[in-house]
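Thanks for coming, everyone. Please bring up the model on your screens, and I will walk you through a few of its parts.

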Amino acid sequence: MKTLRVCILRIEGTNCEAEMFSAFKGAGMDPELVHLKQLTGDALPRRALEDYDCLMIPGGFSSGDYVRAGAIFAARMKCKLRESILNFLDGGGLIGGVCNGFQVLVELGLLPGFDDLISDEPQMALHINDSNRFECRLSFLRHELEEGTSPFTSRIKKGAILRIPSAHAEGKVVFPEEFQKEYLEKMRNNNQIIFRYVNPDGGDATHPWNPNGSVEDIAAISNPKGNVFGMMPHPERVFNACNDPMVKRGELKEYGDGRAIFDSIFEYLSTYRSKQLF
Ligand SMILES: NC(=O)CC[C@H](N)C(=O)O
């Protein structure tokens, strides 16, 4: 079988790339840490997006979160890589972002991506948490789609609740007030809402279980086509069960709930991409 190559993209201030690397590796893919300048032709060795199957933007504080979290990383990508991103998606590639990576994809206009793959006008923002603080704790995420619907969660059953940690200051999903009703409806109809925060008992999330005040407790979304995905909590931090604080001492569990995301990407890419089915 063809090796599945993953480009884990970093710039100054990215800080979750090592865990992201080992999660992709652990799920059987071939990740590589790539600096943005290697893609834009400003540093050697040069790399091209088309050589990868998946582009993943990891978490962190890219460019120190100046302006808005993710804004500078996104602006640099947009001005130099717009065409290659579109070609990459057209060729069947997947693009994912976790936490700061999700913020980058929203700033870039790839998410929620209602009308175009890259929208020029922002359709959504990840705003400062309601608490006005950096919120760092385990989150409970309910999977909202049927198994097999999203390439990023194809291995997860509808209604399953995953324990995945959050760690962010700007994670509140907001839409422009006048379009909020319409946009939420679009998101539901297009199967774009992938995870919602819930309370530990599975009920509607209240703070701190919705850590940021996101509308409708939204924690993860995709674009309408499903090939661009962003989530605030960090699946790469709970690839192994030993990193899940609720796994009891002596419990013989090898993998944490985060692994399902990476297994889903693997399954999707190896089934569809390597056979060039789309
Ligand atoms: N863990 C992260 O990626 C943090 C994202 C961003 N720096 C924030 O605080 O919102």
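Let me begin with a term: a crossing is called left-handed if the near helix is turned anticlockwise from the far one by less than a right angle, and right-handed if clockwise. What you see is a predicted model, in which local features need pLDDT of at least 70, side-chain atom pairs count only at pLDDT 80 or more, and totals for chains, interfaces and linings use all residues. Residues are numbered from 1 along each chain as its sequence is written.

Now to the helices, which, like the strands, are DSSP runs numbered from the N terminus (H or I, at least four residues, for helices; E, at least two, for strands). The axes of α3 (residues 71-90) and α4 come within 8 Å and cross at roughly 50°, where axes are lines fitted to C-alpha atoms, for helices over the stretch in contact, and angles run from 0 to 180 degrees between N-to-C directions. The crossing of this pair, α3 and α4, is right-handed. On the α3 side the contact is made by Ala71, Phe73, Ala74, Met77 and Lys78, and on the α4 side by Val104, Glu107 and Leu108, contact meaning that C-beta atoms, placed from the backbone, lie within 7 Å.

Helix α4 (residues 100-108) also lies across β3 (54-57), β4 and β11, running at about 120° to β4.

How do β4 and β11 pair, and over how many bridges? Strands β4 (residues 94-98) and β11 (residues 228-231) pair in the parallel sense over 4 bridges, pairing requiring that DSSP finds at least two bridges between two strands. Within this pair, glycine 97 has glycine 230 of β11 as its bridge partner.

Technical notes. Two residues are in contact if their C-beta atoms, placed from the backbone, lie within 7 Å.
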